[in-house]
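Open your viewer and get ready to click along. We will go from one selection to the next and look at what is there.

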Amino acid sequence: MKRLFLTVLLLTSAFQIEAHASQLTKIIRLDSKDLVQLYFSFDKLPTFKATSDNRRVDLVFADTLLSPTPTLFPPDEEIVKILP
């Protein structure tokens, strides 16, 4: 019985899934003539949801924290709002 308990304990500790939130470290913006590209950098891949219509794109990164020293850019006429 002790051997079974120790085996289960070792297996559960060896295969623990990391449940910590992703961390957004920076957002890079690249502009061209009629295109805006955004690149998001994370410490690990987050879960996300994207919705869009003709004029708006919403990206929601679930279980994601903002880095203490993030690299963001200021809003302008094309990117109106960034809500970290």
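Start with the salt bridges: this predicted model has three of them. Side chains of opposite charge can pair when their charged atoms come close.

Select Arg29 and Asp31. They form a salt bridge, and their closest N and O atoms are 3.0 Å apart. Arg29 counts as buried because its relative accessibility is 17%, under the 20% cut-off. Asp31, at 49%, is partly exposed.

Asp76 is partly exposed, with 29% relative accessibility.

Now move to Arg56 and Asp58. Their side chains meet in a salt bridge of 2.8 Å, N to O. Is Arg56 buried or exposed? At 51% relative accessibility, Arg56 counts as exposed, while Asp58 is partly exposed at 26%. As for shared partners, salt bridges join Arg29, Asp31 and Asp76 into one network.

Next, select Asp63, in the loop between strand S4 (57-62) and strand S5 (64-71). Its phi is near 50°, a positive value in a residue other than glycine. Asp63 is exposed, with 63% relative accessibility.

Finally, zoom out to the protein chain. Colour it by secondary structure to find one helix and five strands, in the order α-β-β-β-β-β along the sequence. Of its 84 residues, 10% count as buried.

Note on methods:
Residues numbered from 1 in each chain as written. Predicted model: local features only at pLDDT ≥ 70, side-chain atom pairs only at ≥ 80, totals over all residues. Heavy atoms only, no water. Helix = DSSP H or I, 4+ residues; strand = E, 2+ residues; numbered from the N terminus. Buried < 20%, exposed > 50% of the residue type's maximum accessible area, 1.4 Å probe, protein only. Salt bridge = Lys/Arg side-chain N within 4 Å of Asp/Glu carboxyl O.
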